[in-house]
Amino acid sequence: MPDVHIVSHPLIQHKLTLIRDKNTGPKEFRELVDEIAVLMCYEVTRDVALEDVTIETPICTTQAKMLAPKFGIIPILRAGLGMVEGMLKLIPTAKVGHIGLYRSPETLQPVAYYCKLPPDAQERDLIIVDPMLATGGSASAAIATLKEHGCKRIKLMCLIGVQQGIDTVHAQHPDVPIYLAALDEKLNEHAYIVPGLGDAGDRLFGTK
């Protein structure tokens, strides 16, 4: 598959099993999503550039490495919010933007109702976060929104996806890498991922 990364670390797979379990309550679900986001962040940032800096250790002056790019974390509302704090634990200087989308009852296509980005978003490496990559419509719309604002360096990070969602995103945005913790079997007639984990937003926030 073009530029799709399945992050199959044993710790991630263990925690993913726990959040799939229907008996996992909202508190534990939120904690596990946060922890998986931390672990996936390592892989998503594996190829970022480093720059040389000069520092003083307690012993001497030395050359060392630091992250070169500035980052932005862009959750798709509302479920993407559950992944933000985990990312910020590893990239605390990242700025956070938000994109809100809903599905039009007439066209069934995603419609953006909210977008608030860092003022320098165009200069940042942006990571869109959303737990589920199902039809790919929302992810594609979020990417398009960022591109409309002049953003170019974009990655998409989801917990669970299906091939249909991958195909939709890459058909419209072949330049955007996708990172998943699991690639599931299919979508059901209601566009839920099978076996999936249900509605991530409802499970994060205890709503239905």
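Predicted model: local features only at pLDDT ≥ 70, side-chain atom pairs only at ≥ 80, totals over all residues.
Reader: Let's start with the largest nonpolar core: which of its 38 residues touch the most other members?

Author: Ile 19, Met 40 and Met 157 do. A nonpolar core here is a set of buried Ala, Val, Leu, Ile, Met, Phe, Trp, Tyr and Cys residues joined through side-chain atoms within 4.5 Å. Buried means under 20% relative accessible area, exposed is over 50%, and partly exposed is in between (1.4 Å probe, protein chains only).

Reader: How do I read a helix pair, say α1 and α2: at what angle do their axes cross?

Author: Axes are lines fitted to C-alpha atoms, for helices over the stretch in contact, and angles run from 0 to 180 degrees between N-to-C directions. Under 35 degrees counts as roughly parallel, over 145 as roughly antiparallel, 65 to 115 as roughly perpendicular and the rest as oblique. For α1 (residues 10-20) and α2 (residues 26-44), the axes come within 10 Å and cross at roughly 155°, so the two helices are roughly antiparallel. Their crossing is left-handed. That word applies if the near helix is turned anticlockwise from the far one by less than a right angle; clockwise gives right-handed.

Reader: Which residues meet there?

Author: From α1 come Leu 11, Ile 12, Lys 15, Leu 16, Leu 18 and Ile 19, and they meet Phe 29, Leu 32, Val 33, Glu 35, Ile 36, Leu 39 and Met 40 in α2. By class, that makes 11 nonpolar, no polar and two charged residues. The classes: Ala, Val, Leu, Ile, Met, Phe, Trp, Tyr, Cys and Pro are nonpolar, Asp, Glu, Lys and Arg are charged, and the others, Gly among them, are polar.

Reader: Is the crossing of α4 and α5 left-handed or right-handed?

Author: Right-handed. Helix α5 (residues 163-172) packs with α4 at an angle of about 25°, axes 8 Å apart, which means the pair is roughly parallel. Gly 137, Ala 139, Ser 140 and Ile 143 in α4 meet Thr 168, Val 169 and Gln 172 in α5. The contact divides into three nonpolar, four polar and no charged residues.

Reader: Does Ser 140 count as buried or exposed?

Author: Buried, because its relative accessibility is 2%. Ser 140 lies in α4 (residues 137-148), and beyond its sequence neighbours within four places Ser 140 contacts Thr 168, Val 169, Gln 172 and His 173.

Reader: What does Cys 41 touch, not counting residues up to four places away in sequence?

Author: Met 87, Leu 90 and Ile 91. Cys 41 lies in α2, and 1% relative accessibility makes it buried. Cys 41 and Leu 90 are 49 residues apart in sequence but 7.4 Å apart in space, C-alpha to C-alpha.

Reader: Now the backbone: which peptide bond has omega near 5°?

Author: The one from Leu 77 to Arg 78, which is cis. Arg 78 sits in the loop between β4 and α3. A cis bond also joins Val 194 and Pro 195, with omega about 0°; Pro 195 is in the loop between β13 (193-194) and α6.

Reader: And where is Ala 191 found?

Author: In the loop between β12 (186-187) and β13. Ala 191 has phi near 65°, a positive value in a residue other than glycine. At 24% relative accessibility, Ala 191 counts as partly exposed.

Technical notes:
Residues numbered from 1 in each chain as written. Heavy atoms only, no water. Helix = DSSP H or I, 4+ residues; strand = E, 2+ residues; numbered from the N terminus. Contact = heavy atoms within 4.5 Å.
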